[in-house]
Amino acid sequence: MQLAFNLKKTIFSLLFLSFLLAFQNKSYAIQKAAVDTISTADVDFSPLPADTSTPTKAAAPVKKEVVKQKAKAIEAKQEQQSLWAIFLAGLLGGFAALIMPCIFPMLPLTVSYFTKTAQSRGSAITKALIYGLSIIVIYVAFGLVITVIFGADALNDLATNGAFNLIFFLLLIVFAVSFFGAFEITLPSAWANKMDEQSDKGGWLGLFFMAATLALVSFSCTGPIIGTLLVQAATSGALLGPAIGMFGFSLALAIPFALFAMFPSWLNSLPKSGGWLNSVKVVLGFLELALALKFLSNVDLAYHWEWFDREIFLVLWIVIFGLMGLYLLGKLKFSHDSPVEYLSIPRLFLAIIVFAFTVYMVPGLWGAPLKSISAFLPPLQTQDFDLYTPSLTANNRNQNTSTQNNNEAPHKYANLFKAPLGLNAFFDYDEALAFAKKNHKPVMIDFTGHACVNCREMEASVWTDKKVYDLISNDFVLLQLYVDDKTDLQPGEQTVTPQGKKIKTIGKKWSELQASRFKANSQPFYVLLDDDGNLLVPPQGADKNATRYSQFLQSGLTAFGKK
């Protein structure tokens with residue numbers, strides 16, 4: 001029996017570890033596969049003015065219909081990946097909530113109620129299934145309400161809105177402090193009492209109100225997890241993200257009730273409630289604290305504050321995860337913690353993993369790319385002390401890489417943006433096209449964004465490939481257009497669409513260019529043009545395979561060479 005108990009507790013610990021790893025690599029899981037999009041609600045989709053210059057004949061012009069179909073395919077694929085990632089994160093979040101102090105002790109009590117009040121085992125299973133289905137309906141309905149309240153355009157805009165990102169940052173800090181035990185986030189007790197009264201009616205409606213009572217009374221534990229999940233789902237840009245996330249969360253909560261009702265003897269092997277439940281809350285508190293920094297970083301990048309650079313972000317993460325490791329070893333205690341008389345095996349392995357992750361981040365202070373978490377970190381070019389980029393560019397054959405030529409005027413917006421990996425990028429369309437025409441080179445447009453996690457991962461994991469890096473730096477004129485930048489355009493550059501919508505910021509200008517000409521609003525979005533601005537090959541989205549990405553670049557060079 002003791003062996004079964006320890007085995008079961010180990011399984012629960014490993015389950016929680018899965019949630020820990022998924023959350024640190026995005027909560028990373030959500031944004032890695034998320035649809036990095038910018039709302040086009042206030043963008044004019046009218047065609048761009050015709051190019052008055054005499055075009056050079058291309059080998060095979062790319063039709064507009066092909067571009068539109070390609071853009072739709074990229075966005076559809078990204079949205080599908082995003083929804084699956086959100087569902088998985090919700091599922092892991094639900095399993096983590098299951099072993100929280102507010103829910104875990106209720107599991108055997110609720111299942112025992114079904115088995116004792118039911119006339120047969122089949123009746124008990126039916127009640128448990130209805131109870132679980134009611135949990136799913138309640139949480140999914142809540143996710144749909146969030147979508148209806150904010151609307152699709154507002155959800156898309158959340159990822160780069162400064163006010164919302166600051167609110168999310170503060171919200172996650174509050175969640176973390178709550179998990180640390182400073183206070184509990186609870187709903188009015190009258191709500192739970194009212195639901196409990198309704199649950200006494202019996203029948204299917206009574207089971208529904210029992211599920212509603214569980215949702216209300218467990219809010220102090222599940223609220224921060226639900227809040228974090230909804231924030232990540234909303235900022236992913238997927239319209240059904242909140243509902244899908246809540247479906248995964250509620251499914252993880254509902255499954256155990258049905259399983260234990262089917263096999264009541266399994267209840268005997270469940271680990272007993274104790275101080276380890278509070279340890280789960282505290283560890284989640286550390287994760288909430290680390291996650292909050294990402295939202296603060298988004299604001300810092302979009303508004304060019306330049307005080308929350310990569311090394312500061314990394315230092316804070318190293319401290320946070322280092323403290324988490326000490327907590328798991330029992331060297332750090334909070335007011336609600338039980339004494340750690342001995343170190344259990346699951347706790348030891350968790351501490352080893354957390355400390356290993358902490359040590360892994362240390363070389364990042366000197367410029368190591370940290371590819372496994374690059375999507376979550378501020379761009380490498382924001383770091384002051386970088387030993388990695390010079391080693392990458394040292395053997396490059398093109399003097400146009402790494403730094404600008406001495407006789408070349410500073411690029412427009414160079415005071416606002418820094419190219420990754422020491423590349424000599426342009427940040428203005430007209431300027432880049434003029435340079436390409438003068439030097440007879442093709443243009444590679446990188447529609448990117450400060451809050452685009454896939455963009456950061458492509459730069460750190462794919463662009464650093466030697467063949468890809470050589471192609472970008474030597475054979476193309478790199479043009480990076482930030483579609484979420486909040487810097488105001490000069491008064492003479494600000495425009496108004498025929499529909500009366502204003503284009504006042506740099507980000508809106510490039511978002512309008514991407515939407516009107518290429519019928520897309522996802523990032524990253526790579527477009528290869530000749531030196532007259534004609535499309536060479538169909539555009540492409542994020543592709544984490546360096547070989548395929550280099551083939552895409554080479555196909556553009558081949559088309560350019562056939563002119």
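**Reading helix packing, cores and rings**

Q: At what angle do the axes of α11 and helix α12 (residues 310-328) cross?

A: This is a predicted model, so read everything here as a feature of the prediction. The axes of those two helices come within 10 Å, crossing at roughly 180°.

Q: Are α11 and α12 roughly parallel or antiparallel to each other?

A: The angle is taken between N-to-C directions, and anything over 145 degrees counts as roughly antiparallel. α11 and α12 are therefore roughly antiparallel.

Q: Which residues of α11 meet which in α12?

A: On the α11 side you'll find, among them, N278, V282, F286, L289, L293 and S297. They face a set in α12 including F313, W317, F321, M324 and Y327.

Q: How many residues does the largest nonpolar core have, and which have the most contacts inside it?

A: The general idea first: in soluble globular proteins, nonpolar side chains tend to be buried together. Here the largest core has 79 residues, and F249, W317 and F321 have the most contacts within it. Helix α11 (residues 275-302) gives the largest share of this core, 14 residues. There is also a second, separate core of 55 residues, with F435, M444, M458 and A520 among its members.

Q: What is F249 in contact with, leaving aside its neighbours within four places in sequence?

A: Its partners include G90, L91, G93, G94 and A97, along with Y139, T222 and L229.

Q: How many aromatic pairs are there, and how do I read one?

A: Look at the distance between ring centres and the angle between planes; over 60 degrees is edge-to-face. The count comes to 29 aromatic pairs. Take Y413 and F417: their centres are 6.4 Å apart with 80° between the planes, which makes the pair edge-to-face. Y413 and F417 are both buried. Now try Y549 and F552, a tilted pair at 6.1 Å centre to centre and 50° between the planes.

Q: Why are Y549 and F552 separated by about one helical turn?

A: Because they are 3 residues apart in helix α19 (residues 546-561). Both Y549 and F552 are buried, too.

Q: Which residues do ring pairs link into a cluster?

A: One cluster takes in Y303, W305, W307, F308, F313, W317, F321, F357, Y360 and F376. Charges can sit over rings as well: the charged end of R347 lies over the ring of Y327, 5.6 Å from its centre.

Q: Is I167 buried, partly exposed or exposed?

A: I167, in helix α6 (residues 162-179), counts as partly exposed because its relative accessibility is 48%. Its C-alpha atom is 8.8 Å from that of F295, 128 residues away along the chain.

Notes: Residues numbered from 1 in each chain as written. Predicted model: local features only at pLDDT ≥ 70, side-chain atom pairs only at ≥ 80, totals over all residues. Heavy atoms only, no water. Phe/Tyr/Trp six-rings, centres within 6.5 Å; stacked < 30°, edge-to-face > 60°. Buried < 20%, exposed > 50% of the residue type's maximum accessible area, 1.4 Å probe, protein only. Helix = DSSP H or I, 4+ residues; strand = E, 2+ residues; numbered from the N terminus. Lys NZ or Arg CZ within 6 Å of the ring centre and 35° of its normal. Core = buried A, V, L, I, M, F, W, Y, C linked by side-chain atoms within 4.5 Å. Contact = heavy atoms within 4.5 Å. Axes fitted to C-alpha atoms, helices over the stretch in contact; angles between N-to-C directions. Parallel < 35°, antiparallel > 145°, perpendicular 65-115°, else oblique.
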